Amino acid sequence: MDKISMMLERLPELLISFGGKVLVALIIFIVGKWVARMLSDVIKRILTKGKMDSTVAHFLGNLIYGVILAFVVIAAIGKLGVQTTSLVAIFGAATLAVGMALQGTLGNFSSGVMLLIFRPFKVGDSVIAGGITGKVEDIGIFSTTIIPSDGRKVIIPNGKLSNDTITNFSALPTRRIEISINVPGNTDINAVRDLLREVLESETDILKDPAAAIVMTDANAGAIVFGIYAHVNTPNFGKVHASLLEKLKLALNTKGFWA
């Protein structure tokens, strides 16, 4: 009875003491959460103003918020008298286990972040990536979607893209068309060059600067080889290339120059 009486006598003191700890823990949690959110929003704004992809900016901001909030929760629990050392150890072990289990997924994720930060291509670009030629439809955190010309939908893990060569046909405003033409070895060189120049001048989409060029690249007894080089705006590349091939073939056949 004496012990019970003593506990009852100390109960108000214990309640006040524990209540104070709960109040301090609650204040730490509320203030810490507010600071975490504020820092997260500031980082998002800074990254977005720095022209970083909005998806990456929001992810990094939320990641920082989550990390800070985890420390805030641990600090608040510590104020309640709970030993947090074991909690930190358990949290670290769990994080390591999850990381090992999701190694491939995390690799694709980190590669996706790098693609969005360094932007080797963007949505709408024509590329060769992961062995697939087509137009980029979507760049996600874990995978990238490419639509080839035959209308298929190909989803490529970002980890594969980060370890492969990427060719971006849309990265620059202009592209150079390169066509090789063979004519018989006894053909009048000047006549062929004039004919090729006439065909080039008929294509209004060929840029004047830099000027198109017609160069003899090889010559032997059997054939003379001309290289045709013309710059066009990137969106016009396919159309002009196909048109030039057809016009050159018809013109050379008409004059009897085709080797």
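**Entry 1: a hairpin**

I started with strand 3 and strand 4, which form a hairpin with six residues between them. In the turn I found Gly151, with a positive phi of about 90°. I keep in mind throughout that this is a predicted model.

Next I checked the pairing: strand 3 (residues 143–147) and strand 4 are antiparallel and share four bridges. One pair I noted is Ile146, which stands opposite Val154 of strand 4. I then looked at the two faces of strand 4 (residues 154–157). Val154 and Ile156 are on the covered face, while Ile155 and Pro157 are on the uncovered one.

Which order do the three strands of the open sheet follow? I read it as 6-8-7, with antiparallel pairing. Strand 6 (174–184) and strand 7 (213–219) are at the edges with a single partner strand each, so one side of each has no neighbour in the sheet. From one strand to the next, the twist averages 25°.

I counted along the pairing of strand 7 with strand 8 (residues 223–233) and noted six bridges. Within it, Met216 has Phe226 of strand 8 as its bridge partner.

**Entry 2: two helices on the sheet**

I then turned to what lies across these strands. Helix 6 (residues 189–201) lies across strand 6, strand 7 and strand 8, and runs at about 20° to strand 8. Helix 7 (residues 237–255) lies across strand 6 and strand 8, at about 15° to strand 6.

How do helix 6 and helix 7 cross, and what is the handedness, right-handed or left-handed? Their axes come within 10 Å and cross at roughly 145°, and the crossing is right-handed. Helix 6 brings Leu195, Leu196, Val199 and Leu200 to the contact. From helix 7 I listed Leu244, Lys247, Leu248, Ala251, Leu252 and Lys255. Sorted by class, the contact of helix 6 with helix 7 has eight nonpolar and two charged residues, and no polar ones.

**Entry 3: a closer look at Val192**

My last stop was Val192, which is in helix 6. Is Val192 buried or exposed? Its relative accessibility is 0%, so I put Val192 down as buried.

Setting aside neighbours within four places in sequence, I found Val192 in contact with Val183, Thr187, Phe226 and Phe257. Phe226 was already on my page as the bridge partner of Met216. I also looked up Ala251, 59 residues away from Val192 along the chain; their C-alpha atoms are separated by 9.9 Å.

Key
Residues numbered from 1 in each chain as written. Predicted model: local features only at pLDDT ≥ 70, side-chain atom pairs only at ≥ 80, totals over all residues. Heavy atoms only, no water. Pairing = 2+ DSSP bridges. Axes fitted to C-alpha atoms, helices over the stretch in contact; angles between N-to-C directions. Contact = heavy atoms within 4.5 Å. Left-handed = near helix turned anticlockwise from the far one by under 90°. Nonpolar A, V, L, I, M, F, W, Y, C, P; charged D, E, K, R; others polar. Buried < 20%, exposed > 50% of the residue type's maximum accessible area, 1.4 Å probe, protein only.
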